[in-house]
Amino acid sequence: MSLNLTVKAKATGLRNEGDTSAFIICGMESANSQEAMGTIKGLTIGLYSLNGVSASVTCTAVNGYANSTPLYSSKTLATNTNGTAATINWDASDFGGTAGNPLAQNDYWSITCNLPAKTSVGYMVTQFNVNVPAT
């Protein structure tokens, strides 16, 4: 087994500072099993170019766990050349549901990306439909 020591976790994100692509996986915050909190309505990942050159990034959101039947949705985008985030967003329509509804299945969400050289994951967001307790 060899490690790609050019992929580094830093305060500003997970950065691929190397010269080759690397697969990364990011676990997402979950709350679907905690009905008092609410349900997940969407996932977002923010991707950056580290060198001002656009790169094509493919990421796959997955919901599932070992011995389950996972749900997958892959998307590809080009990073921006001006230093701003390019975002990939997933909602229920990406998994066979209706946009605006909670995401299907369970709590085990992650996003895997083939992170090209000189690109970075700057942030990830889980959007919730928060349940408000009755007064």
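Reply: In this predicted model, C59 has a relative accessible area of 0% and is therefore buried, the cut-off being under 20%. C59 belongs to strand β5, which covers residues 56-63.

The bridge itself may be taken next. A search of the whole structure finds one disulfide. C59 and C113 form this link, with their sulfur atoms 2.0 Å apart. The pair ties together distant parts of the chain, since C59 lies in strand β5 and C113 in strand β8, 54 residues apart. About the S-S bond of C59 and C113 the angle is 105°, and the link is right-handed. Both partners, C59 and C113, are buried. A further cysteine, C26, is in no disulfide; the nearest cysteine sulfur to C26 belongs to C113, at 6.1 Å. C26 has a relative accessible area of 8%, so C26 too counts as buried under the 20% limit.

The surroundings of C59 are drawn from several parts of the sequence. Leaving aside residues up to four places away in sequence, C59 touches L47, S73, S74, K75, I88, W90, I111, T112 and C113. One of these, S74, is 15 residues from C59 in sequence, yet the two are 5.6 Å apart in space, C-alpha to C-alpha.

Four strands form an open sheet in the order β3-β8-β5-β6, with antiparallel pairing. At its edges stand β3 (22-27) and β6 (71-78); each has a single partner strand, so one side of each is left without a neighbour in the sheet. From one strand to the next, the twist averages 20°. Strands β5 and β6 run antiparallel and are joined by eight bridges. In this pairing, N63 stands opposite L71 in β6.

S49 lies in strand β4, residues 38-49. Residues up to four places away in sequence aside, S49 touches T79, N80 and K118.

K118 leads from there to a loop. K118 is located between β8 (109-115) and β9 (119-130). Although K118 is not a glycine, its phi is positive, at about 65°. With 26% relative accessibility, K118 counts as partly exposed, because this value falls between the limits of 20% and 50%.

The protein has zero helices and nine strands. Buried residues make up 34% of its 135 residues. Among contacts between residues at least 6 apart in sequence, 71% join residues at least 24 apart. The protein exposes about 7500 Å², of which carbon and sulfur atoms supply 53%.

How values were computed. Residues are numbered from 1 along each chain as its sequence is written. This is a predicted model: local features need pLDDT of at least 70, side-chain atom pairs count only at pLDDT 80 or more; totals for chains, interfaces and linings use all residues. Side-chain values use heavy atoms; hydrogens and water are left out. Helices (H or I, at least four residues) and strands (E, at least two) are DSSP runs, numbered from the N terminus. Buried means under 20% relative accessible area, exposed over 50%, partly exposed in between (1.4 Å probe, protein chains only). Contact means heavy atoms within 4.5 Å. Two strands pair if DSSP finds at least two bridges between them. Axes are lines fitted to C-alpha atoms, for helices over the stretch in contact, and angles run from 0 to 180 degrees between N-to-C directions. Accessible areas come from the Shrake-Rupley method with a 1.4 Å probe; for residues, only the protein chains shown count as cover. A disulfide is a pair of cysteine sulfur atoms within 2.5 Å.
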